[in-house]
Amino acid sequence: MLRICVCVSGGGTNLQAIIDKVESGVITNTEIAAVVSNNPGAYALERARQHGIPAVCVSPKSYESREAFNQALLETIDSFRVDLVVLAGYLVVIPPKLVKHYRNRIINIHPSLIPSFCGTGNYGLAVHENALKRGVKVTGATVHFVDEGTDTGPIILQKAVEVKDGDTPESLQLRVMEEAEWEILPLAIDLIANNRIKVEDGRTVRTDR
């Protein structure tokens, strides 16, 4: 059984997609051991509690230094004895010590087709604003393993989404969530839970093909 910790900062729509697909059996061999947020007001924490999932806040504002926060975050995640850390809209830079400790065991969902519209400053609505400014006809979402860079880890899954005439950043954000993020993040978790993917030479390889 894969024990996962989902890290969140806001409303938790990706968390809800994971919860729903664990409970319905779409994601197999997986237990959500904990939800961790940097934001005490994140509705994602309430979503977790409604489903009986331990939910805790580890906020940088509660610590005298970033190093102290990073250590507390690592210790909190460790305390739940998890096998995989899932970043689902977690707006915190992951410290190198956490990346090293959970090498190839942290995944992130990014709302674009990496390497487009990713890296420093490309998060949340800004990704979709930049996509519309560039005039792309197709965007999407990417699930990748986390390394020391920003959106640079091995890619697990991607799914394309059409950009429509008249789209606003908000409408495009919603379509990318509904058509891509809420599909490929649960699928990636299921692949990992069933040992159907591994990292070789900096790339992911499906082991069920």
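This is a predicted model: local features need pLDDT of at least 70, side-chain atom pairs count only at pLDDT 80 or more; totals for chains, interfaces and linings use all residues.
View 1. Phe69 is buried, with a relative accessible area of 0%. A search of the whole structure finds 1 aromatic pair. That pair joins the rings of Tyr63 and Phe69, whose centres are 6.3 Å apart. The ring planes meet at 55°, so the pair is tilted.

**View 2. Helix α1 against helix α6.** Two packed helices are described by the angle between their axes and the distance between the axes. Helix α1 covers residues 13-23, and helix α6 covers residues 169-193. They pack at an angle of about 55°. Their axes lie 9 Å apart. That angle makes α1 oblique to α6. The crossing of α1 and α6 is right-handed. On the α1 side, the contact uses Thr13, Asn14, Ala17, Ile18 and Lys21. On the α6 side, these meet Met177, Glu181, Trp182, Glu183, Leu185, Pro186 and Ile189. By class, the residues of this α1 and α6 contact divide into 7 nonpolar, 2 polar and 3 charged.

**View 3. Helix α1 against helix α2.** Here α1 packs with helix α2, which covers residues 43-50. The angle between α1 and α2 is about 15°, and their axes are 9 Å apart. Angles under 35 degrees count as roughly parallel, so α1 is roughly parallel to α2. The crossing of α1 and α2 is right-handed. Helix α1 brings Thr13, Leu15, Gln16 and Ile19 to the contact. Helix α2 brings Ala44, Arg47 and Ala48. The contact of α1 with α2 holds 4 nonpolar, 2 polar and 1 charged residues. Look for Thr13 in both helix views: Thr13 takes part in the contact with α6 and in the contact with α2.

**View 4. Leu113 in its loop.** Leu113 sits in the loop between β5 (106-110) and α5 (125-134). The residue is partly exposed, with a relative accessible area of 25%. Leu113 and Thr139 are 26 residues apart along the chain. Their C-alpha atoms are separated by 6.0 Å. Set aside the neighbours of Leu113 within four places in sequence. Leu113 is then in contact with Val138, Thr139, Gly140, Ala141 and Thr142, and also with Gln158, Lys159 and Ala160.

Definitions and conventions: Residues are numbered from 1 along each chain as its sequence is written. Side-chain values use heavy atoms; hydrogens and water are left out. Axes are lines fitted to C-alpha atoms, for helices over the stretch in contact, and angles run from 0 to 180 degrees between N-to-C directions. Helices (H or I, at least four residues) and strands (E, at least two) are DSSP runs, numbered from the N terminus. Angles under 35 degrees count as roughly parallel, over 145 as roughly antiparallel, 65 to 115 as roughly perpendicular and the rest as oblique. A crossing is left-handed if the near helix is turned anticlockwise from the far one by less than a right angle, and right-handed if clockwise. Contact means heavy atoms within 4.5 Å. Ala, Val, Leu, Ile, Met, Phe, Trp, Tyr, Cys and Pro count as nonpolar, Asp, Glu, Lys and Arg as charged, and the others, Gly among them, as polar. Buried means under 20% relative accessible area, exposed over 50%, partly exposed in between (1.4 Å probe, protein chains only). Rings of Phe, Tyr and Trp (its six-membered ring) pair if their centres lie within 6.5 Å; planes under 30 degrees apart count as stacked, over 60 as edge-to-face and the rest as tilted.
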